[in-house]
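These are my notebook entries on one protein model. I set down what I looked up, in the order in which I looked.

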Amino acid sequence: MVGKTFLTGETFPALLWPSTLTVTTLTINGAAAGNTIALPGDRTVTTTLNLTQGVLALGTRILTLSSGSSIFRTDASSVTVGAGGFAFPSDNTTNVTYYANAAGIGSGIELPATVNNLTVARNVNGVNQATQINTSVAVNGTLSIKNNFTIPVTPPVVTVSVNGNLSIVNDAATYNLAVNPVLTNNQSLVLGGGNTTVTVPAA
């Protein structure tokens, strides 16, 4: 199967996605933010997981992400889990992007402990909203901040370690309601790369 978009608050029809097949792109786009969409079994996404709108309820299922895959999540979506969860690639090459559009967003189980690139942004024109990072994460590539970014107060202990580059960008060239991102650091943002480049908006 090349790719599949599921729009309803139903369990994925097993006949459309046999257990022996994977998809390159999976898009969760429920009719409303509260719609729950469940997997029929353990599945694999090789390229892109789009969490656009609705609740992806993993339950006891395992959703495997292949090496170099990307996750895009908006503030209208979320992921719940029981005994299952995500299986991330062992080479830590997942890329995660959060789009805080109409409201703030808090990271969930879709954020692995180590990523390649982590981006906080928007994909519609709107005022700044915050992405809150709720678990410790190491970024080996680039932490790209195009919208407000928050590390919350304890508990739990949250450390964001940037082992690559940190880029803070005013996204007004693309979205005219954007202003300089606000970084709220209540715990630890650590620049740990040996050749880290820090880019900030012009004054």
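**Aromatic pairs.** I began with a search of the whole structure for aromatic pairs, which returned two. I counted rings of Phe, Tyr and Trp (its six-membered ring) as a pair if their centres lie within 6.5 Å; planes under 30 degrees apart are stacked, over 60 edge-to-face and the rest tilted. For F72 and Y99 I noted ring centres 6.2 Å apart and planes at 10 degrees, so this pair is stacked. F72 belongs to strand β6 and Y99 to strand β9 (residues 95-99), so the pair ties together parts that are 27 residues apart in sequence. I then looked up F86 and F88: their ring centres are 5.4 Å apart and their planes at 20 degrees, so this pair is stacked.

Y99 is buried at 17% relative accessibility, while F72 is partly exposed at 25%. F86 is buried at 15%, and F88 is partly exposed at 26%.

**Basis of the entries.** The model is predicted: local features need pLDDT of at least 70 and side-chain atom pairs pLDDT 80 or more, whereas totals for chains, interfaces and linings use all residues. Residues are numbered from 1 along each chain as its sequence is written, and side-chain values use heavy atoms, without hydrogens and water.

**Salt bridge.** How many salt bridges does the structure hold? I found one, with the criterion of a Lys or Arg side-chain nitrogen within 4 Å of an Asp or Glu carboxyl oxygen. It joins the side chains of E110 and R73 at 3.1 Å, N to O. E110 lies in the loop between β10 (105-106) and β11 (114-115) and R73 in strand β6 (residues 70-74), so the pair ties together parts that are 37 residues apart in sequence. E110 is buried, with a relative accessible area of 1%, and R73 is buried at 8%.

**Strands.** I recorded zero helices and 21 strands for the protein chain; helices (H or I, at least four residues) and strands (E, at least two) are DSSP runs numbered from the N terminus. Strands pair if DSSP finds at least two bridges between them. An open sheet of four strands has the order β10-β13-β16-β19, with parallel pairing. β10 and β19 (183-185) are at its edges with a single partner strand each, so one side of each lacks a neighbour in the sheet. In the pairing of β10 with β13 (residues 130-132) I noted two bridges, and I105 stands opposite T131.

β17 pairs in the parallel sense with β14 (residues 137-139) over three bridges and with β20 (residues 188-191) over four. S161 is the bridge partner of A138, and V162 stands opposite L191.

**Core.** The largest nonpolar core has 35 residues, and L63, L118 and L143 have the most contacts inside it. Such a core is a set of buried Ala, Val, Leu, Ile, Met, Phe, Trp, Tyr and Cys residues joined through side-chain atoms within 4.5 Å. Strand β4 (residues 43-57) gives the most to this core, with four residues. Leaving out residues up to four places away in sequence, I listed the contacts of L143 (heavy atoms within 4.5 Å); among them are L118, V160 and V162.

How values were computed. Buried means under 20% relative accessible area, exposed over 50%, partly exposed in between (1.4 Å probe, protein chains only).
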